[in-house]
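Keep the model open while you read.

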Amino acid sequence: MASRRLLLRELAQVASPGGREAPVRGRALGEVEVIEDAYVLCADGMVESVGRMRDLAPLGGEVEELDCRGRCAVPGLVDCHTHACFAGDRVEEFSLRAAGASYEELHAAGGGILSTVRATRAAGEEALREAVELHRGWMLRHGTTTFEAKSGYGLDRDTELAQLRGIAAAGGLPTWLGAHAVPPEFDSADAYLDFALAEVLPEAATLAEAADVFLERGAFDAAQARRYLTACAEAGLALRLHGDQFTESGAIPLAIELGAVSVDHLEATGPEGVAALAASGVTGVLLPASALFLGRPMPPARALVDAGASVALATDFNPGSAFCESLPLVCSLACTQLRLSPGEALAACTVNGAHVLGRAGRKGRIAPGYDADVVLLDAPDWRHLAYHLGGDVVAGVVVGGAVP
Ligand code: NIG
Ligand code: FE
């Protein structure tokens with residue numbers, strides 16, 4: 001059978017994280033391989049070859065061609081942390097926060113996450129799938145070709161499972177955030193976990209790839225997080241944590257102890273946490289759009305990278321703490337607020353995001369053998385990805401070797 005081929009030709013640049021390792025750490029994080037006046041040849045959904053136009057050998061057989069003059073190609077962006085499956089909005093809460101209310105106060109008063117839980121429970125499975133599809137379209141327009149999405153707005157059996165199915169049906173990689181908040185029908189976090197682990201985990205483990213917990217004052221403490229994550233690991237799920245968002249409550253030591261894939265947020269992480277994470281195999285997922293949206297301190301990204309930690313960047317897209325689906329904007333924040341270089345930002349939301357999602361080696365680079373997921377930037381230099389703050393920098397995407 002003839003192969004399905006697509007040639008991206010006359011690209012001003014192709015820029016891809018250097019090497020073949022994942023995750024990329026330390027000095028290597030900023031190393032980008034740039035090919036000027038370049039082509040990318042895709043075949044059967046994969047990258048077949050990448051090189052300079054002048055080295056492109058004549059191609060036999062049928063090849064679809066895309067003229068990419070004036071454009072740059074970077075790998076399809078990988079958003080490894082989103083809450084893209086929700087109903088309703090939190091614009092009222094946004095206005096209250098603008099007037100001075102804090103995110104944690106609203107949460108403690110039964111608003112915040114729990115108000116999205118009410119809307120999500122009432123929505124029904126079809127509406128939830130449609131919501132993820134809508135959000136996926138928004139992400140795609142900003143260059144995200146692979147995304148993770150968490151449950152955590154159901155907190156009952158049917159809605160949690162409906163969220164996980166809706167995420168998968170819309171092309172996302174599902175994470176069971178069964179320990180996001182304690183729903184109102186339970187009077188303690190432990191009683192809720194008794195229910196969630198007995199009644200939801202067995203089926204959630206067949207639908208999700210990972211489990212996640214919100215380890216924070218007002219949510220779950222370290223002992224409860226350990227209990228939840230240990231049961232999830234036994235059920236075969238990879239482990240993730242929301243940790244150090246407002247307080248250092250033991251998320252990093254727990255993540256290391258349990259061999260978690262990632263600990264995400266880290267806005268409150270101090271020097272000891274930085275050193276511990278850097279010496280571990282756990283990736284720190286940085287969510288600067290969330291820190292910006294809540295007016296919180298930024299995570300210690302520069303210290304983490306300089307200490308040799310594995311870091312990834314993600315949006316945290318959700319209706320409460322980060323109503324933002326744009327990884328290019330996150331890259332701008334990484335360069336302006338986290339003091340990362342454009343190259344470090346690129347690797348953090350491509351190859352390192354792919355590592356967090358267990359897709360390293362397939363996603364996150366433009367190199368032979370990788371999936372042909374490419375972002376075409378409407379710019380003469382790939383660094384415009386981060387440079388154009390809130391700009392319309394994504395001209396289009398290629399997903400699996402085809403224009404969607
Ligand atoms: O990553 N902090 C916990 N969870 C989400 C926000 C969820 C929400 O506010 O709806 C976060 O920030
Ligand atoms: Fe989150």
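The side chain of Thr82 has a polar atom 2.6 Å from the backbone oxygen of Glu148. A second polar contact of the Thr82 side chain goes to the backbone nitrogen of Ala84, at 3.3 Å. A polar contact here is a pair of N or O atoms within 3.5 Å; within protein, one must be able to donate a hydrogen and the other to accept it, and residues adjacent in sequence count only if both atoms are side-chain atoms. Thr82 lies in the loop between β6 and α1. Thr82 is buried, at 0% relative accessibility. Buried means under 20% relative accessible area, exposed over 50%, and partly exposed in between (1.4 Å probe, protein chains only). Helices (H or I, at least four residues) and strands (E, at least two) are DSSP runs, numbered from the N terminus.

The model is predicted: local features need pLDDT of at least 70, side-chain atom pairs count only at pLDDT 80 or more, and totals for chains, interfaces and linings use all residues. Residues are numbered from 1 along each chain as its sequence is written, chains are lettered from A and ligands numbered from 1 in the order in which they are written, and side-chain values use heavy atoms, with hydrogens and water left out.

**The iron site**

Which residues coordinate the iron ion (ligand 2)? They are His81 (NE2), His83 (NE2), His242 (NE2) and Asp316 (OD), at 2.1 to 2.2 Å. Donors are N, O and S atoms within 2.8 Å of the metal (3.2 Å for Na, K and Ca); water is not among the atoms, so the site may look incomplete. Along the chain, the donors follow the spacing H-x1-H-x158-H-x73-D. His81 and Asp316 link distant parts of the chain, 235 residues apart. His81 is in the loop between β6 (77-79) and α1 (91-98), and Asp316 is in the loop between β13 (311-313) and α12 (327-336). His81 is buried at 0% relative accessible area. Asp316 is buried too, at 1%.

**Ligand 1**

Ligand 1 is surrounded by 15 residues, and the closest are Arg90, Tyr103, Tyr153, Gln245 and Ser321. A residue counts here if one of its heavy atoms lies within 4 Å.

| Side chain | Distance to ligand 1 oxygen |
|---|---|
| His242 | 3.0 Å |
| His265 | 2.8 Å |
| Ser321 | 2.5 Å |

The protein covers 100% of the 330 Å² of accessible area that ligand 1 has on its own. These areas come from the Shrake-Rupley method with a 1.4 Å probe; for residues, only the protein chains shown count as cover.

**Backbone exceptions**

Most residues other than glycine have a negative phi, and most peptide bonds are trans. Asp44 is not a glycine, yet has a positive phi of about 50 degrees. Asp44 is in the loop between β2 and β3 (46-52), and is partly exposed at 47% relative accessibility. Leu155 also has a positive phi, about 60 degrees, and is not a glycine. Leu155 is in the loop between β7 (144-150) and α5 (157-169), and is buried at 0%. A cis peptide bond joins Ala22 and Pro23, with omega about -5 degrees. Pro23 lies in the loop between β1 (5-17) and β2 (32-43).
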